[in-house]
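The sequence and coordinates come first, and the comments follow.

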Amino acid sequence: MAKKQDYIIGGIILTVIAFFGILFIIAIVGLGSQSDVSIVSGGDKVAVIELEGIITSPHAIVRQFKKFDEDESVKSIVFRINSPGGGISASQEIYEHVRRVRDGGKPIVASMGTVAASGGYYVALGADAIMANPGTTTGSIGVIAEFPNFKKLMEKIGIEFTVIKSGKFKDTGSPYRDIRPEERQYLQAWIDNGYEQFLETVIRERELPRNDVLKVADGRIYTGEQAKNFALIDTLGTFEDAITLAAELGGIKGKPKLVKERQNKITLYDILTEDIQILLSEYVGLWPEAKYLFR
């Protein structure tokens with residue numbers, strides 16, 4: 001018995017050592033994060049801002065737009081989007097800042113990659129021009145909320161939950177019971193309001209009749225080619241085409257110089273603070289925003 005306990009204690013000690021060893025390696029070697037500006041060959045500058053993965057936080061993208069908007073040597077911006085969507089408020093914040101930079105006079109071209117759907121489409125609406133590949137997946141104009149229900153599982157294993165709440169709607173969406181009719185009605189109104197905000201943005205930015213938008217804004221996804229036929233985007237083209245268009249809009253003659261934030265390192269301090277949640281969410285989507293998602 002003593003030997004077994006020794007083995008267990010030894011295993012715990014090794015696990016702890018390994019854990020702190022990994023933290024030390026990360027602190028020394030670092031993970032990728034966004035930091036300084038790197039410059040690629042050429043003449044006048046076109047900035048490239050990349051949005052990758054689920055939209056959980058607007059901060060990194062907004063920071064870059066602010067930086068390049070204030071940089072007078074940057075004549076235009078390519079906003080490269082590879083995202084299936086994400087949090088509604090984060091998507092709206094990014095869109096609003098893209099729009100403000102555009103309205104301030106700095107041209108922006110949204111360049112859609114493999115996917116720029118739902119919130120990924122929303123953030124593109126603030127640009128002067130939206131460009132996609134013919135096979136890009138885009139659209140998915142809509143809002144969704146999902147609530148798991150573990151009630152039958154809890155009954156099967158004999159677990160009950162007691163809820164003390166301040167109001168009848170405070171535990172709406174609880175996974176431990178069925179949703180009530182009045183809760184479904186209230187949540188539907190919540191979703192409908194978010195959808196209406198999305199819809200109005202599409203109508204305003206794409207300058208389309210409401211009825212035309214309603215015909216395509218039912219949650220369906222489209223290829224880039226289909227989206228162009230529905231006037232949801234402006235043109236088809238590659239990332240290089242987007243750079244060329246941005247250079248033209250920025251009045252750049254000749255080959256432009258590309259600038260974008262270079263990947264730096266995450267320190268041990270970052271890991272031990274809550275900022276790591278934002279950083280990790282941008283890489284692996286560990287912290288999706290609540291249950292209210294553009295998807």
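**Notes on the predicted model**

1. Met 112 stands opposite Ala 132 in β6. The coordinates are those of a predicted model, and that applies to every point below. The pairing in question joins strand β5 (residues 108–117) to β6 in the parallel sense, over 4 bridges.

2. On its other pairing, β6 runs parallel to strand β10 (residues 235–236), with 2 bridges between them. Here Met 131 of β6 is the residue opposite Thr 235 in β10.

3. Are the two faces of β6 covered or open? Both are covered. In a regular strand, side chains alternate between the two faces of the sheet. In β6 (residues 129–132), Ala 129 and Met 131 lie on one side, Ile 130 and Ala 132 lie on the other, and all four are buried.

4. For overall context, the protein has 11 helices and 12 strands. Of its 295 residues, 41% count as buried. Among contacts with a separation of 6 or more, 77% are between residues 24 or more positions apart.

5. Strands β2 and β3 pair in the parallel sense over 8 bridges, with Val 48 standing opposite Val 78 in β3. Strand β2 (residues 45–52) has 6 of its 8 residues buried, so it is largely enclosed by the rest of the structure. The corresponding count for β3 is 9 of 10 residues buried, so β3 too is largely enclosed by the rest of the structure.

6. How many aromatic pairs does the model contain? The count comes to 6. One of them is Phe 65 with Phe 79: the ring centres are 5.2 Å apart and the planes stand at 90 degrees, so the pair is edge-to-face; the cut-off for that class is over 60 degrees. Phe 65 belongs to helix α2 (residues 59–70) and Phe 79 to strand β3 (residues 74–83), so the pair ties together parts that are 14 residues apart in sequence. Phe 65 has 0% relative accessibility and counts as buried. Phe 79 is likewise buried, at 0% relative accessibility.

7. A further ring pair is formed by Phe 169 and Tyr 186. Their centres are 5.0 Å apart and their planes are at 55 degrees, so this pair is tilted. The pair links distant parts of the chain, 17 residues apart: Phe 169 is in the loop between α5 (151–157) and α6 (181–206), while Tyr 186 is in helix α6. Phe 169 is partly exposed, at 32% relative accessibility, and Tyr 186 is partly exposed at 38%.

8. Ring pairs also link Tyr 95, Tyr 122 and Phe 198 into a cluster.

9. How do α3 and α6 pack? Helix α3 (residues 88–103) and α6 are at an angle of about 20 degrees, with their axes 12 Å apart. That makes α3 roughly parallel to α6, since angles under 35 degrees fall in that class. The crossing is left-handed.

10. From α2, the contact uses Ile 61, Val 62, Phe 65, Lys 66 and Asp 69; from α3, it uses Glu 93, Ile 94, His 97, Val 98 and Val 101. Phe 65 therefore takes part both in this helix contact and in the edge-to-face pair with Phe 79.

11. Phe 150 deserves a separate entry. This residue is found in the loop between β8 (144–145) and α5, and is partly exposed, with a relative accessible area of 37%. Which residues does Phe 150 contact, leaving aside its neighbours within four places in sequence? They are Pro 175 and Tyr 176. The C-alpha atoms of Phe 150 and Arg 177 are separated by 7.2 Å, although the two residues are 27 apart along the chain.

Definitions and conventions
Residues are numbered from 1 along each chain as its sequence is written. This is a predicted model: local features need pLDDT of at least 70, side-chain atom pairs count only at pLDDT 80 or more; totals for chains, interfaces and linings use all residues. Side-chain values use heavy atoms; hydrogens and water are left out. Buried means under 20% relative accessible area, exposed over 50%, partly exposed in between (1.4 Å probe, protein chains only). Two strands pair if DSSP finds at least two bridges between them. Rings of Phe, Tyr and Trp (its six-membered ring) pair if their centres lie within 6.5 Å; planes under 30 degrees apart count as stacked, over 60 as edge-to-face and the rest as tilted. Axes are lines fitted to C-alpha atoms, for helices over the stretch in contact, and angles run from 0 to 180 degrees between N-to-C directions. Angles under 35 degrees count as roughly parallel, over 145 as roughly antiparallel, 65 to 115 as roughly perpendicular and the rest as oblique. A crossing is left-handed if the near helix is turned anticlockwise from the far one by less than a right angle, and right-handed if clockwise. Contact means heavy atoms within 4.5 Å.
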